Amino acid sequence: MRTIKKRRYVFALLITSFIFVFGLMFGIVMETQRVDFIQQKSEEQRLDYRGLQFQYQFIDLLGEENNCPFMEKALNKNLESLEETRIKLTNYNEDAKLSKDEFEYLYRDYVLSQLGYWLLSKKSRDLCDTEVATILYFFSNEKICPECSEQAFILTYLKKRFGDKLLNFALNAELETEKSLDLLKHTYSINTFPTLIIEGKKFEGLTSKDNILLEICKFYNSSVLDCKNIN
Amino acid sequence: MITLANIILWIIYFISLYFVVFWLLVFFENEDIVGPKKKSTKFPLVSVILPAHNEEKTIIPSVKSVLSLNYPKDKLEIIIIDDGSTDNTKKMVLEFIKNYPKIKFISHENIGKGASLNKALKICKGEFFICLDADSFVHKDALLHLIPNFNDKSVACALPLMKASKPKNILQKIQFSEYLVNIFYKKLMGFLHCIPVAPGPFSIYRKSVLLKLGGYDENNLTEDLEMTLKLQKNHYKIVQDMHAQVFTNTPANIKAFFRQRKRWYKGGLFNGIKYRRLMFNPKYGDFGIIQLPMLILSGIIGISIIFTTLYTGLKPHVQNLLNLRYVNFDFFTFLKDLSFSFTFLDLNFNTFFIFICMLFISIFVLYLSYTFSNEKVFNQGKIHIALFLFFYFLMLGVSWILLLPEVIFHKKHVW
């Protein structure tokens, strides 16, 4: 008669479970590191924003328009860094087990930065007469908005084509805790996703590359290669 | 976000880790893995059978390796079987054995390996029965090391230390590592009487046991596996010897590799089903509880791991490729402006931790396997070691997937 040492099975189960629990704990420890990292990024971006805000006020008050190109570059760089943080924040939030609240708080901070930059970009155009088009992009999760990934792809593509001349502001409409986002949603009557606000004009549903081009090309005075056939 | 693919992957990780931990516990419980190097002092009559089907390239070296065994020649009965070869196997053997009148030769139409071995079983006179596949070669001391295992009367079968013969390319070098790891695990399995398969090359059986069990299953794709399961069913002891070396040719190209694996896995699957009553049956000890279920489970794990890896790994890229249609397939814009902002924090730490654990355990097992097989880890180079650790499991998964249509459409395999 063969015998089975049950203890060995149980012990193997305990060790395996221990490794898994340890892995889970490790994940949680690293989650707090992620929160710290995003917090630090947010601090940096807040400082960058204040710096840029000061520079615009400086130009506005003293009429130093020759500094405009330098500031446009800085604005664009800050926005790129902000978008990078948004993507990380979204991914970290999806993985998060215990820090959902912290990430949501940071997301609010990010949205406010986005909106701040959006207003700043409008000011920049008035002040420096820059050729910049801005797009507010309202998106939601994959369940509510299956076309959002396609829309994001098109916007990323156009950003790569236009560089500094196009500023995208991606706003997660799911973030109900941020009242300023509610204000925008209410102002533009955002009910469906994706929705684009291209310089005040609303586009609901998946908006094609060509339709976006038709709209943004109106804001470029000089010849832009991608707008040649449009204008 | 928890998806079905994630859940499947985590179950696979858990089961895989559980099995590895289980066998490592067996390793730590048993100090003497290699065992004493005993050489036989008694020399019972041993029958060595060499079944061949289109083996003109390797049959003569195989026979020569048997002839050079350190064993009294009058205690060695050699039988070569030509199982309906259509190449020059028969001609070459007949030419060769002119100088060795004691070698017996049987030639018949193609009836399969199992039937050929049964034919030999009926006419051979040895107390012990060995099959040596005609693509394998035996070390001169192998038999001397194997015979003492039968001093234990309950032992019905002893397995040699089967190594891949002279690996030349990367694929063969990877298989070299795999064979050593298999031997190590079989040694551990032997401690719990759990060895699931005695390989074709030079596994030695008590002939009386084979006869008692009715010989080989003639309609079985993997008759060696079936015989081992039959031995397990009847509670016979099977042991892994760590000194008796046998070398076997391994597939040199990917097509031959997948062909071989499909045959093995198909045999494993059907024999697993055939002996399903042993599964989770405590009467068969650890073999019934952990080893036989693993035979089936390994296929499910192999298939699942491929599908989930493909799904989770390729889904975003496929989505991006499909999205290219929205921008007139202008991928150059993305290519010329590629940017990555990956940091350590972007890793999926739960998966990463399990992966690191599995990797360290695999490296440890690989090191032990090489050490106990008296081989040096980097003797064959380093690249194949990395490939073995990181990608080999995917190749095995692919073999299972390739097997699926054959199982579904009942395609017949030949040896």
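This is a predicted model: local features need pLDDT of at least 70, side-chain atom pairs count only at pLDDT 80 or more; totals for chains, interfaces and linings use all residues.

Reader: Chain A to start: how many helices and strands does chain A have?

Author: Chain A has six helices and four strands. Along the sequence they come in the order α-α-α-β-α-β-α-β-β-α.

Reader: And is chain A a compact globule or more spread out?

Author: More spread out: its radius of gyration is 23 Å, while the globule rule gives 17 Å for 231 residues. Along the principal axes, the C-alpha atoms of chain A fill a box of roughly 90 × 40 × 35 Å.

Reader: What share of chain A is buried?

Author: Buried residues come to 29% of the 231 in chain A.

Reader: Okay, switching to the contact between the chains. How many residues does each side put in?

Author: Chain B gives 31 residues and chain A gives 32. On the chain B side, α1 (4-29), α10 (285-323), α11 (331-336) and α12 (349-372) each supply at least two of the residues that touch chain A.

Reader: What's that side of chain B made of, by class?

Author: It has 18 nonpolar, 10 polar and three charged residues.

Reader: Now α6 of chain B. What length does α6(B) reach?

Author: Helix α6(B) runs over residues 170-191 and reaches 33 Å from first C-alpha to last, close to the expected 32 Å.

Reader: Why call α6(B) largely enclosed?

Author: Because 16 of the 22 residues of α6(B) are buried.

Reader: And what follows α6(B)?

Author: His193(B) does, with a positive phi near 55 degrees.

Definitions and conventions
Residues are numbered from 1 along each chain as its sequence is written. Chains are lettered from A and ligands numbered from 1 in the order in which they are written. Two residues are in contact if their C-beta atoms, placed from the backbone, lie within 7 Å. Ala, Val, Leu, Ile, Met, Phe, Trp, Tyr, Cys and Pro count as nonpolar, Asp, Glu, Lys and Arg as charged, and the others, Gly among them, as polar. The expected span of a helix is 1.5 Å times one less than its number of residues. A residue is buried if 20 or more other C-beta atoms lie within 10 Å of its own, exposed if 12 or fewer, and partly exposed in between; C-beta atoms are placed from the backbone. The radius of gyration is taken over C-alpha atoms; the globule rule is 2.2 Å times the number of residues to the power 0.38.
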